[in-house]
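I wanted a record of what I looked up in this structure, in the order in which I looked.

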Amino acid sequence: MSELTTLVVSILAFAPPVALAALGGVLSERAGVVNLGLEGIMRFGAFFGAWAALASQSAWVGLSAGALAGGAAGALLAALAIFAEADQIVAGVALNLLALGLVTFLLEWALGAAGGITDPVPALPSLSLGGLGRLPWVAAAAMLLLPALASLLLAKTPLGLRWRAVGENPRAVAAAGVSVRGLRFFAVTASGVAAGLGGALLPLAVLGRFEDRMPAGQGFIALAAVVFGKWSPLGALGAAVFFAGAEALQIEISSSGGALAALVPRGLFLALPYLLTLLALAGFVGRAVPPAADGVPWDPEAR
Amino acid sequence: MRPLLCALLAATACRRPPPAPRASGEKTIGVVTDVGGRGDQSFNDGALRGLEGWACGLAYGASGYRPLSEPERLAGVPADVIERAGAAGLPRVAGLRPYVLQARASEDYRPDLELLVSRHVALALGVGFMLEDAVAAEARAQPEQRFLLIDSPILDAAGRPVTLPNVESLTFREQEGSYLVGALAGLATRSGKVAFVGGMQVPLIQRFEAGFRAGLAATNPAAAAAAIVQYTGSFDDSSAGKRVAQALYAGGVDVAYQAAGADGLGVIEAAKEAGRFVVGVDSDQSQLAPASVLTSMIKHVDYAVYLAARDAAAGRFSPGNRELGLAEGGVGLAPIRIDFPGKAAALEKLAALRAAIIAGQISVPSRPEPLAAAPR
Amino acid sequence: MTPILEARGLSRSFGELRAVDRVSFALAAGEVLALVGENGAGKTTLLNLLLGFYRPDEGEIALDGAVRRWRSPADAEARGLGMVHQHFTLVEPLTVAENVVLGREPRRFGLAGPFDRRRAEREVAEVAEREGLPIDPRGRVAELSVASRQRVEILKVLWRGARVVAFDEPTGALGPAESEALCETVRRLARGGRAVLFVSHKLREVLAVASRVAVLRAGRLVATLDAKGAEPERIARLMVGDASAPPTGLPRPSPGGAASPPPRSRGVDEIVLRLSDAACRDDRGAPALRGVSLALHTGEIVGVAGVDGNGQRELAEVLTGLRPLDAGRLEVEGVDLTFARARELRARGVAHVPEDRLRGGLFGALSVAENLALGSPGPLRRRRLVAEAAAAIRAYDIRPPEPGMRASALSGGNQQKLLLARELGRRPKLVVAVHPTRGLDLNAQALVRARLREAAAGGAAVLLVSFDLDELREIADRIVVLCAGRVTGEAAAREATDGRLGLLMSGAAA
Amino acid sequence: MTPRARARWLAQEPLLLPVLAVGLAFGLCAVAIAALGRSPLLAAEALWDGGLGGLGPLGESSLKATALAFTGLAVAVPYAGGLFNIGAQGQFVAGAIAAAWIGAALDLPGPLLIGAALAAAFAAGAALGALAGFLKASRGVHEVISTILLNWIAIHLVDSWLVVGPLHASGSSGFSHSGTEAVRSAAHLPLLAGPDSRLNAGILFAALGILAAALLLRRSRFGLELRALGASEKAARTVGIPVGARTIQALALGGGLAALGGALLLLGGGTDYRFPENYRDPYGFDGIAIALIGAGDPVGVALAAALFGVLRAGAVRLQDPEVGLHRSWPEIAQGVAVVLVAGQRLLRGLYRLPLRQRRTASAAPAPAPPPLASPPA
């Protein structure tokens with residue numbers, strides 16, 4: 001089996017959660033709302049996905065619950081950022097902090113003695129690849145399909161036109177008689193659904209159980225993928241694939257057992273994907289231009 | 001209404017006397033877990049199983065403790081423990097209560113232990129090598145209190161083991177069990193590629209690595225030369241474990257030994273998916289993937305804690321550091337339930353090696369030699 | 001003739017302020033009604049009431065004789081009312097057609113279908129053709145000129161089938177030629193049977209385009225005049241309300257009128273600023289200045305005229321150290337400061353009154369005293385700062401006189417006074433002022449101009465960028481015209497007629 | 001109070017809303033605890049005992065409050081300049097490891113060694129912050145993204161390289177201390193209340209830090225320029241403030257402050273005077289919450305840090321079987337409080353307080369509010 005196949009399988013197995021969360025970030029930011037709460041939303045999606053799957057013994061129910069929980073968390077963020085006119089970054093941070101404490105508590109309260117780690121949850125269907133393990137094809141398909149669909153939505157539909165417009169110049173959208181707040185609320189909620197799905201894939205397709213540390217920073221990586229992918233759904237997918245590839249490569253290098261692995265400290269290997277991302281953002285990608293109204297709260301009375 | 005509430009609050013807060021020692025006959029065993037906490041699938045869970053489950057007959061759940069029926073209590077006790085316990089068996093210890101504090105942060109160890117002391121526990125358990133400093137300091141400050149430290153002796157400033165009159169410490173010669181794992185892996189591998197997956201590269205885990213590689217070299221020098229050693233860098237991220245293991249199995253590894261806490265669960269998951277062998281750690285992990293878990297390197301923290309609790313209930317205490325290896329039954333292999341070609345011969349070889357170690361004919365290293373640069 | 005649109009006793013209050021007070025008028029098809037008034041007279045509020053952005057407290061709106069209550073702007077729009085906003089509400093990365101149909105996109109396969117881009121483009125092209133507003137529906141708005149963007153705004157309204165079209169200050173950023181073209185468009189709309197509301201403060205333009213003129217003052221409609229035969233002076237007096245006091249700072253009927261300042265004589269021809277062959281790029285990296293040379297002398301006010309986006313902003317930024325030069329040389333009082341940053345230029349006596357007061361010049365969240373303190377370097381001494389702030393507040397008549405008040409809480413005029421106090425208070429050698437009177441009421445405008453004149457009289461050289469040619473003629477000594485990043489001409493202020501400036505601004509005379 | 005007077009009072013009390021938010025968060029938590037069948041009163045009592053009931057608990061509270069105060073300042077100071085430092089966690093860890101290294105490696109008399117360790121910590125954190133500032137100023141990389149990435153980079157390099165490699169405590173016979181070598185006793189912060197309490201000089205450093213930050217932001221030109229940058233970057237450029245330099249300086253200062261928090265926790269004995277293996281204390285992330293609850297103001301940060309320091313210390317006793325609560329309740333309360341602070345507008349509605357006055361009351365007649373859809377001027 002070639003190393004390339006290994007790489008592809010690793011990407012298809014581990015990129016979907018980040019890819020879907022990054023898609024969520026794109027959906028939100030294209031509508032002009034920075035979603036710094038991706039990490040927290042993924043955490044809610046992962047937890048409620050695992051809980052529902054355990055309760056119903058169906059991975060599909062879990063997946064729906066994860067999406068639903070993500071949507072609810074997205075709606076909370078939207079309520080804070082759009083209706084309560086909170087600073088968007090503050091609102092996102094608040095959501096992350098809430099998810100951190102609340103899920104730790106719920107995990108022990110709702111799932112009892114399992115403590116930090118739940119029992120194995122029902123898994124989504126997957127494809128056996130022999131020695132390469134199993135490919136969770138549902139997750140891989142979602143990762144490839146949803147960004148494509150989102151891309152079409154943004155480019156080819158009236159809703160997409162408004163979506164792009166509200167992220168660039170909400171005033172123009174308001175002047176055209178479309179509710180800026182309604183549109184943004186919808187966008188951020190949709191963003192939550194995508195990130196919640198991504199989170200739910202962690203227990204249901206990737207690891208087979210929920211653990212307290214989830215999503216262990218993957219929401220923040222998704223945030224970087226949004227910028228790295230220049231705010232386009234397919235770009236974010238590409239960025240998520242790049243990150244997963246860098247991670248796989250890091251493992252590949254450090255487990256090759258060669259002189260390199262003995263010489264270079266493991267901490268450096270572990271830090272490598274983040275370092276690469278930082279370097280890419282600083283130089284290789286060139287200056288990415290965000291949507292003009294990204295992060296700017298809609299204040300109809302502001303001059 | 002509100003002032004009344006406040007007054008009530010203030011009154012209860014100030015007036016309440018410190019809790020008195022329990023009525024005689026009832027004793028409390030206190031536990032402070034390290035930050036891994038409940039559910040770490042490792043020594044924290046082991047210690048809690050020995051105390052709460054086996055000694056007290058309680059199950060911890062969302063709404064507190066629930067008493068276990070006798071069959072329930074003994075359901076999960078491994079055969080070798082029953083065997084070792086002998087005729088006395090593993091009776092419930094009467095009049096014993098657990099008092100468990102999960103540390104939230106590294107600086108909580110001291111106040112958590114202090115709280116146990118203030119509650120007059122019969123024995124204060126510090127679970128994990130992370131608590132070594134805190135137990136040492138607290139034991140010196142509270143000479144009347146008895147402590148039990150798991151996984152590390154008390155160390156002086158230079159890192160040499162020392163003893164305190166009120167501390168018993170239990171350490172395990174993980175390298176001995178790991179030696180057997182390495183020997184088994186060398187015999188069971190078809191591809192000649194085996195791997196060790198550690199969590200963080202700390203001395204404790206390096207003992208596993210050292211024993212494993214020595215055992216591997218004893219039965220399969222070629223595989224030992226090509227062995228892959230990988231550390232995930234954490235104990236609480238099974239995603240990292242799964243990624244690493246998937247790469248290993250894809251690269252042709254057919255036996256992997258994990259000592260990586262929760263990361264190890266990811267390794268087992270990957271083994272299950274790839275249909276390859278994995279060796280579990282700390283407790284018998286075969287139920288996680290019955291077709292893939294070749295065996296587990298069991299550390300009997302549970303039994304050791306059970307014994308300590310039983311002794312404490314009876315007022316017995318033996319300070320000093322006890323090292324538990326194969327001979328003492330502190331470590332061992334779980335039953336090998338999976339068949340592989342040449343299994344019978346392999347089991348014989350393992351038995352011989354085990355006997356040799358117990359007899360002191362084989363001395364197992366506790367620190368890994370630097371890995372030679374090996375081609376894959 | 002039945003009016004299309006009628007306002008009957010409309011009122012709207014904000015807190016204790018009655019912004020629109022019992023205003024009634026009627027507007028018929030084929031008519032252009034101009035609304036004039038000072039800032040804060042209620043023009044914009046009135047428009048917003050008519051178009052459904054606000055709900056009136058009292059009174060009613062009748063369309064074709066039937067009373068209507070707008071639930072939303074969309075409601076008014078559906079009934080055929082449309083507004084061309086002063087500041088464009090366009091989405092730059094989208095195409096012309098996408099901008100026009102935004103919110104009412106044609107769809108394929110019925111309501112739920114995908115966006116029918118081709119139909120949108122076809123329809124926009126048709127409307128543009130019919131109304132004489134030629135434009136490429138597929139062009140990106142980001143690449144359009146100011147005049148073309150305004151055309152897109154008008155198309156938006158017309159494509160939606162407006163019968164009543166309101167224009168809010170439509171010529172603010174246009175040059176004379178584009179303004180004239182716009183006036184022609186407005187007249188054509190009226191000829192085609194539409195009713196037009198035209199809000200402006202440029203009286204000559206208003207008289208050229210409107211059939212009637214309605215004058216608002218303090219929320220009330222004080223007069224409605226026939227445009228034919230109406231005199232600008234009379235309208236101006238009606239706007240200000242005080243018939244005895246001559247309105248200060250009003251546009252003058254002709255250059256060099258009686259009230260213009262006496263020609264200043266310069267003693268020594270000291271050159272304060274010398275800019276030679278300056279070239280720079282704009283934010284998008286396109287060339288903005290292409291070889292501009294300028295020299296300013298002490299005591300001189302030089303006006304810079306030009307259509308918006310022809311390099312004025314970049315020129316001001318180059319002179320104040322905010323934008324690096326690609327080529328050329330910048331000297332202040334003989335010292336080469338080509339590579340100096342803003343901090344050094346300010347230390348050398350360059351003052352900057354930027355165009356966007358509250359975002360570009362002042363710190364809304366900081367206090368008046370803090371804003372003043374940021375003008376000059378040095379350690380902060382609290383007591384001295386308060387004393388200096390009190391002095392500046394007195395000297396520039398900033399109201400209310402509270403040094404601790406947030407700058408964002410001041411009115412626009414007082415914000416501009418604060419900015420001038422900071423920039424002119426330290427006796428600069430060169431003042432770069434960009435649209436310093438825009439958005440101010442007439443009295444505040446007059447005060448700003450007086451301060452600039454004082455600065456010049458005190459020996460500073462002043463560069464004044466403005467779209468208001470009357471203003472430039474009034475206070476500048478000479479006017480240079482920028483077109484496409486080049487100086488296309490220069491004229492003494494009293495010889496600069498609209499026609500000549502217009503030619504220069506369009507680049508035709510270059 | 002008339003609504004108007006109340007509005008004016010509110011405008012003068014920027015910390016009132018966070019106080020209301022925290023109060024409401026506690027109320028909600030109390031209701032939830034009661035709904036779980038536990039006693040909020042017992043919980044409050046346990047928190048009181050564990051956080052304030054004696055010198056021992058006070059020492060624990062002050063250890064945590066010190067760390068929180070510095071990570072809170074690490075977020076609040078750059079925030080005054082409109083910069084969001086999400087990187088306090090990495091900076092905190094970097095500061096702790098730097099202090100552990102210097103404190104063990106150098107042989108200096110007490111005050112000098114403490115000074116050297118703190119200086120090294122500050123430098124380490126400041127370097128991380130300055131890197132984020134540099135990337136923003138020169139490459140346009142948003143500081144939120146870069147500081148998040150730098151967190152992971154710092155944590156991995158420290159946890160999986162320095163602590164287990166070059167800085168690991170030497171040991172014998174397969175056993176060793178967990179983590180790095182302990183710092184020399186000269187580097188221990190002096191205890192203030194005897195050996196039975198960990199109350200130490202760190203709390204004095206925290207007070208000094210708060211005071212210095214308050215003076216810096218309110219009284220110095222640097223602070224004024226920083227706040228000016230936060231109010232309007234464009235206007236800051238206009239008045240000649242070197243925006244890039246201030247960005248780098250502000251983030252470097254934030255990084256240094258977070259690092260001091262980590263160093264003081266270590267030198268104060270919080271982690272037994274060494275950098276432990278598997279160090280997972282999330283003080284840096286908590287700093288964001290502390291800064292937000294403290295309304296970005298040094299005094300607010302001090303109050304929030306004191307409150308949550310006490311709660312954290314008290315939370316040890318929530319696990320007492322009589323109280324029977326999960327150890328994560330202070331985090332939950334903190335999370336809820338931050339959400340409420342973020343949703344100030346909703347909070348005001350809840351408490352029936354007047355909404356923020358868009359234009360503060362002034363003697364001049366207020367101009368009409370701009371219309372609903374007027375474009376930006």
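Entry 1: I began with Glu454(C), which at 45% relative accessibility counts as partly exposed, a class I use for values between buried (under 20% relative accessible area) and exposed (over 50%), computed with a 1.4 Å probe on protein chains only. Before going on I noted that this is a predicted model, in which local features need pLDDT of at least 70 and side-chain atom pairs count only at pLDDT 80 or more, while totals for chains, interfaces and linings use all residues. I also noted that residues are numbered from 1 along each chain as its sequence is written, that chains are lettered from A and ligands numbered from 1 in the order in which they are written, and that side-chain values use heavy atoms, with hydrogens and water left out.

The partner of Glu454(C) is Arg451(C), and the closest N and O atoms of this salt bridge are 3.1 Å apart; the rule asks for a side-chain nitrogen of Lys or Arg within 4 Å of a carboxyl oxygen of Asp or Glu. Arg451(C) is buried, with a relative accessible area of 17%. Why can the two meet? They are three residues apart in helix 15 (residues 442-457) of chain C, and so are separated by about one helical turn; I take helices (H or I, at least four residues) and strands (E, at least two) as DSSP runs, numbered from the N terminus. An α-helix has 3.6 residues a turn, so residues three or four places apart point the same way.

Entry 2: I then looked up Arg281(C) and Asp326(C), whose closest N and O atoms are 2.8 Å apart in a salt bridge. This pair links distant parts of the chain, with Arg281(C) in strand 11 (residues 271-281) and Asp326(C), 45 residues away, in the loop between helix 9 (312-319) and strand 14 (327-332) of chain C. Both ends are partly exposed, Arg281(C) at 43% relative accessibility and Asp326(C) with a relative accessible area of 41%.

Arg184(D) lies in the loop between helix 7 (143-162) and helix 8 (202-219), and Asp107(D) in the loop between helix 5 (88-105) and helix 6 (110-139) of chain D, so the pair ties together parts 77 residues apart in sequence. Arg184(D) is partly exposed at 33% relative accessible area, whereas Asp107(D) is exposed at 62%.

I also noted a network of salt bridges that links Arg18(C), Asp21(C), Arg22(C), Glu58(C) and Arg220(C). Over all chains, the count by this rule comes to 85 salt bridges.

**Entry 3: chain A against chain D.** How many residues of chain A are in contact with chain D? I found 48, against 51 residues of chain D, contact being heavy atoms within 4.5 Å. The two chains bury about 4,400 Å² between them, with 75% of it on carbon and sulfur atoms; buried area is the accessible area (1.4 Å probe) lost on putting two parts together, summed over both.

**Entry 4: chain A against chain B.** Here 39 residues of chain A are in contact with 39 residues of chain B, and about 3,300 Å² is buried, 50% of it on carbon and sulfur atoms. I counted two salt bridges between these chains, and I noted that the side chains of Arg209(A) and Glu269(B) meet in a salt bridge (3.9 Å, N to O).

**Entry 5: the domains of chain B.** An automatic or database domain assignment divides chain B into domain 1 (3-172 + 302-324) and domain 2 (174-299 + 341-358). Their C-alpha centres lie 30 Å apart, and the area buried between the two domains is about 890 Å², of which carbon and sulfur atoms give 52%. Gln41(B), Phe129(B) and Phe172(B) supply 51% of the area that domain 1 buries against domain 2, more than any other three residues. The rule finds one salt bridge across this interface.

**Entry 6: a covered helix.** Last, I looked at helix 6 (residues 132-141) of chain B, where seven of the ten residues are buried, among them Glu132(B), Asp133(B) and Glu138(B). What covers the buried residues includes helix 5 (109-118) and strand 9 (167-172) of chain B.
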